[in-house]
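Please keep the viewer open as you read.

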Amino acid sequence: ALGCLVAAIYCVLFREWLPYQSVASNTLALAAQYQVLMTFAGAFIILCSDFEYDDTLIGVILVAVNIILLPLIAYLAMCSMKAMERKHAQLVVLQNQVRGVRVVQRTNGGTTTHQPPYACILQTNNLHNL
């Protein structure tokens, strides 16, 4: 009973506090907290002799509660990786623009060449250094 109470309090505090910067990390951690709460509740029902329950039903519910988090982990990891790849690609484009490198982006309709906005400034600065 104490484990269920502590897990429930921690779920509420965690939901209000949201300690991570990433929404995906907070979502995953909160889902894991609810998973712990449900596991404690299932254990409480099994260990307490006051409740009448079906062993098979409790077993199926506990297995489902503990397995359901795996697809959520995979989905959030995939979304996080895609976001990181997009940020990295944007960073590379910006770094190339600052360096004065011509950037070629491939799109479905062909290629587009971008002249970096700082190229003329970089070239002018190089003339003064000569």
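This is a predicted model: local features need pLDDT of at least 70, side-chain atom pairs count only at pLDDT 80 or more; totals for chains, interfaces and linings use all residues.

1. The protein chain contains 5 helices and 2 strands, and along the sequence they come in the order α-α-α-α-β-β-α.

2. On burial, 16% of the 130 residues in the protein chain are buried. The chain exposes about 10100 Å², with 65% of that supplied by carbon and sulfur atoms. Among contacts with a separation of 6 or more, 36% join residues 24 or more positions apart.

3. Have a look at helix α4, which covers residues 69-99. Its 31 residues, at 1.5 Å each, should span 45 Å, and the C-alpha atoms at its ends are 45 Å apart, so the two values agree. Leu69, Leu76 and Gln97 are buried in α4. Just after this helix, glycine 100 has a positive phi of about 85°.

4. Next, the rings: the structure has 2 aromatic pairs. In one of them, tyrosine 10 and phenylalanine 14 have ring centres 6.1 Å apart and planes at 35°, so this pair is tilted. Both residues sit in helix α1 (residues 2-17), 4 residues apart, which is about one turn of the helix.

5. Phenylalanine 14 also pairs with tyrosine 20, again tilted, at 6.2 Å centre to centre and 55° between the planes.

6. Is phenylalanine 14 buried or exposed? With a relative accessible area of 4%, phenylalanine 14 is buried. Tyrosine 10 is partly exposed at 40% relative accessibility, and tyrosine 20 is partly exposed at 45%.

Terms used
Residues are numbered from 1 along each chain as its sequence is written. Side-chain values use heavy atoms; hydrogens and water are left out. Buried means under 20% relative accessible area, exposed over 50%, partly exposed in between (1.4 Å probe, protein chains only). Contact means heavy atoms within 4.5 Å. Accessible areas come from the Shrake-Rupley method with a 1.4 Å probe; for residues, only the protein chains shown count as cover. The expected span of a helix is 1.5 Å times one less than its number of residues. Rings of Phe, Tyr and Trp (its six-membered ring) pair if their centres lie within 6.5 Å; planes under 30 degrees apart count as stacked, over 60 as edge-to-face and the rest as tilted.
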